[in-house]
Amino acid sequence: MSEPAATAADAEPVLEVRGLHVSFAGRVGLGAGVAGKKAAVARAVDGVDVALHRGEVLALAGESGCGKTTLARTIMGLETPKEGEIRFEGQPLGKSPKVLREYRRRVQIVFQDPTAALNPRQTIYESVAEGLRIHGVTAQDGMSEEQLVARALARSGLRPPERFFLLYPHELSGGQRQRVVIAGALVLEPEIIVADEPVSSLDASVRGEILKLLLGLRDDFGIAMLVVTHDLGLAWTIADRVAVMYLGRIVEIGPAEDVLTRPLHPYTKALLEVVPEAGGLDRPYLSGEPPDPTRIPEGCRFHPRCPEVVSGAAAAAGVEDRCRGEDLGLLELRPGHFAACHLAAASRDDAVPTASS
Amino acid sequence: MSVLSVRDLEVAYATQAGPLPAVRGVSFDIEKGEVLGLAGESGCGKSTIVNAILRLLPVGAKTSGEVLLNGEDVLTMKAGRLRAVRWTGASVVFQGAMHALNPVQRIGDQLAESIVIHKLSGEKEAIVRAGDLLEKVGLPPRRLRDYPHELSGGQKQRVMIAMALACSPSLIIADEPTTALDVMVQAQVLSLLNKLRHEMGLAMLFITHDLSVLVEVCDRLAIMYAGKIVEEGPSGPVFENPAHPYTRALAAAFPAIGDARFRMAPSGLGGDPPQPDAIPSGCSFHPRCPVAFDECPTVVPDLYEAGESRRAACLLVPDQAGVPT
């Protein structure tokens, strides 16, 4: 699969994922196991290549069950990949505990639900300082632990920070709690923040402020961000690039303006159709449920639900057989804009050699 | 006569620290075949209104005002009449479909239960009707024999909708019916609700914090803040050209993709929604309001006329419209 290496002008990516596969084994009952029945294996991430550049905000979108959270968790080292590698600042991440420890300091995660992410019996100070203690940071930049915690809280918009030190999570609002979680990530001065649905559990009027904060961290400290979201509107507000995942694979990736306003992949188009908007009720949508990662279809994994196949557009363009039988990777169809679609490749005037028939 | 007419509804919960006002004087009407959307953040009182309409509030909650369902006041009904009106007069599609269904009962039995309880038919006919209901919401009748765990989230929500239709109520209350669902499934469920509403001429009260969903399915919108309606009117104009600064902030949280104004520019309000035990004086929105002025902390705004069949509770509105009310 070709690697979406972004623009050539870009320096080395801060994080690079190559050929990543993550799968989860299902279980079978004892009787069925004796009878020779095999457990279904869910291929949650099924061959992903992606690069994250310094100071870049990359949004990872898709339906639930598409593997976006598994990809984020694997990048964090919370899941073990079956195949493939993760490279940080050009170096493959090995199994050395020392390297992994350092990596985990520099890549931080912000979870979806701050109420669940914070220990209800720990003060805000303890919650933010925990990362420092785990990584044995007692002083940095000539600052004591207390000063580091205060600085992180202030950078997250909780001012004056001292006022929050001795409070407990239940004494804060949802937005403030999410700021504490972000402070806990910031205190270790990471290069990368992975944010898994960072605002979906917050009230609508508070979301914008948290997104502003995240964008500000990128601008002020050059932190790269991977934002996992199901909300393409959110991607439009904060992302430089957007990657769309379907059944464990990135099916389209490119600059946010391109992907969201001139999508190439029928799945991305379908996702954009269902973004609610005034007077949009009669829009087309995909029927059926999100597909099952234990049974990934042959050929293009989207073909059973693809409106272009159903409508005959794929057949008219002479690519239907390939949709049904030929698995494909990402193809660069516009500068920096990649999609995994036989039809989009065929409809392109100067089709790239690998995609021409 | 309106299907539902709520007049000066006030609800206060009983707490150890005294009564806690959750709804502070709300009035609205829903006509036959009309869908009203009620939007607001958590704690603004929208779910309290749902519970007040069917008198499902906890013991000790103080309610005043009128809730006229087909002309009858629910708040003063006798217990027997109330039981009869629940589900035949108004039914609810609750938020978490996954938790609202009984996991150890077949779908068909759960659907038939309300029909039998309300003595609309015998058990045999009730099962037949349950099958018809499933078809109506786009599920094959053989699903009657399934247990809830055999269905996906979207299918369970369809069953919940079928259940709400079981006794042919004149009003359906949908309380966050799609929040737990995936985007694609949400689109399916919304389109189903819209189809049913047109086919059956249902009146609906649609409640969610997601303004973009409301705009899509509702005829009219009412925006709530701190227990009061702060703006109401036809949904398109309210969303696209809000008169109240709170609606403006809420609408901006649902950016239009492709609109350059929202690109790399998330916008939100500072501060947090007020706690019901500490509602700010005057206009309760003033501490977070970007356009607040001297009078806002002291003057409680009424709902002023703000254009054609629109009203907004903001002191700036009378000036804009040129006619103070």
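Tutor: Let's take helix H7 of chain B. The cover over its buried residues includes helix H11 (266–273) of chain A. From chain B, that cover includes helix H6 (153–165), strand E7 (171–175) and helix H8 (211–217). This is a predicted model: local features need pLDDT of at least 70, side-chain atom pairs count only at pLDDT 80 or more, and totals for chains, interfaces and linings use all residues. Residues are numbered from 1 along each chain as its sequence is written, while chains are lettered from A and ligands numbered from 1 in the order in which they are written.

Helices (H or I, at least four residues) and strands (E, at least two) are DSSP runs, numbered from the N terminus.

Now the burial. A residue is buried if 20 or more other C-beta atoms, placed from the backbone, lie within 10 Å of its own; 12 or fewer make it exposed, and in between it is partly exposed. In H7(B), the buried residues include B:Val183, B:Met184, B:Leu190 and B:Leu193. After the helix comes B:Gly201, with a positive phi near 60 degrees.

Next, the chain partner. Across the two chains, 36 residues of chain A are in contact with 42 of chain B. Contact means C-beta atoms, placed from the backbone, within 7 Å. On the chain A side, H11 is one of the elements giving two or more residues. H8(A) gives the largest share, nine residues.
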